Amino acid sequence: MIRRGQNFEGPPGQYRRIGAIVRVGPYALFLTVRGPRPAPKKVRVDGIRCPLLREEPKINVAVYAFEFPEIVEPDEIAEPELGEATLEAGNEYPCRIEDVDRNNLRITIPSYLPRPGDAGAPIVQKGRVVGMLASYWINDMLGMGPRADIALREIVDYFRRRTRSSTA
């Protein structure tokens with residue numbers, strides 16, 4: 001079973017984490033951070049090729065599709081709240097959501113220094129994914145990343161537009 005927080009491989013040697021797994025209609029998708037460059041067209045999760053479905057540069061999110069939806073465990077997505085949370089980067093690390101704006105959230109992570117390959121790691125509150133780690137500043141222990149609820153809304157809107165245009 002493939003779950004959030006799991007690593008996936010992009011171009012050779014480049015790893016990131018699955019931020020959240022969602023179902024939109026018949027599709028099983030995973031969300032991760034896009035990064036400063038365009039997202040890879042295909043990635044591998046446990047040896048399974050997953051094509052890029054959509055990039056949302058304005059919110060720094062990339063969406064990939066699973067060919068076999070039965071192998072994933074979907075997540076609940078929620079709006080972030082200020083306060084305690086957990087960063088899932090291989091293990092669970094306590095963190096705190098310090099600020100939430102329209103598209104992003106900012107966290108402090110007192111007990112863990114994110115490593116290369118932790119980009120996209122889910123930020124979880126009350127068992128629901130609220131964001132994904134995109135960047136981290138060592139000098140003030142501050143991390144930042146896109147909100148999962150906004151990313152999901154953008155993806156659902158994309159599917160609605162796509163469905164409407166293909167049936168016209």
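**A tour from the cavity to the cores**

Start by selecting Ala78, Glu79, Glu81, Gln125, Lys126 and Arg128, which line the largest cavity (a set of points on a 1 Å grid over the protein atoms alone where a 1.4 Å probe fits but cannot get out; lining residues have an atom within 4 Å of a point). The model is predicted, with local features needing pLDDT of at least 70 and side-chain atom pairs counting only at pLDDT 80 or more, while totals for chains, interfaces and linings use all residues. Residues are numbered from 1 along each chain as its sequence is written, and side-chain values use heavy atoms, without hydrogens and water. The largest cavity holds about 40 Å³ of space.

Next, select Leu29, Leu31, Val61 and Ile155, the residues with the most contacts inside the largest nonpolar core, which has 20 residues (buried Ala, Val, Leu, Ile, Met, Phe, Trp, Tyr and Cys joined through side-chain atoms within 4.5 Å; buried means under 20% relative accessible area, with a 1.4 Å probe and protein chains only). Colour β3 (20-24), β4 (27-33), β7 (61-66), β12 (128-132) and α1 (148-167): each supplies at least two residues of this core. The largest share, 6 residues, comes from α1. Apart from this core lies another, of 16 residues, including Tyr93 and Leu105.

Now show the aromatic rings, which form 7 pairs (ring centres of Phe, Tyr and Trp, the last by its six-membered ring, within 6.5 Å; edge-to-face means planes over 60 degrees apart). In Tyr158 and Phe159 the centres are 5.6 Å apart and the planes at 70°, so this pair is edge-to-face. Tyr158 is buried at 17% relative accessibility, and Phe159 is buried at 8%. Finish at Phe8, Phe30, Tyr64 and Phe66, a cluster linked by ring pairs.

Conventions
On a 1 Å grid over the protein atoms alone, a cavity is a set of points where a 1.4 Å probe fits but cannot get out, and a pocket is an open set with protein on both sides within 12 Å along at least five of seven lines; lining residues have an atom within 4 Å of a point. Grid points are joined across faces, edges and corners, and a volume is the space filled by probe spheres set on the points. Rings of Phe, Tyr and Trp (its six-membered ring) pair if their centres lie within 6.5 Å; planes under 30 degrees apart count as stacked, over 60 as edge-to-face and the rest as tilted. Buried means under 20% relative accessible area, exposed over 50%, partly exposed in between (1.4 Å probe, protein chains only). Helices (H or I, at least four residues) and strands (E, at least two) are DSSP runs, numbered from the N terminus.
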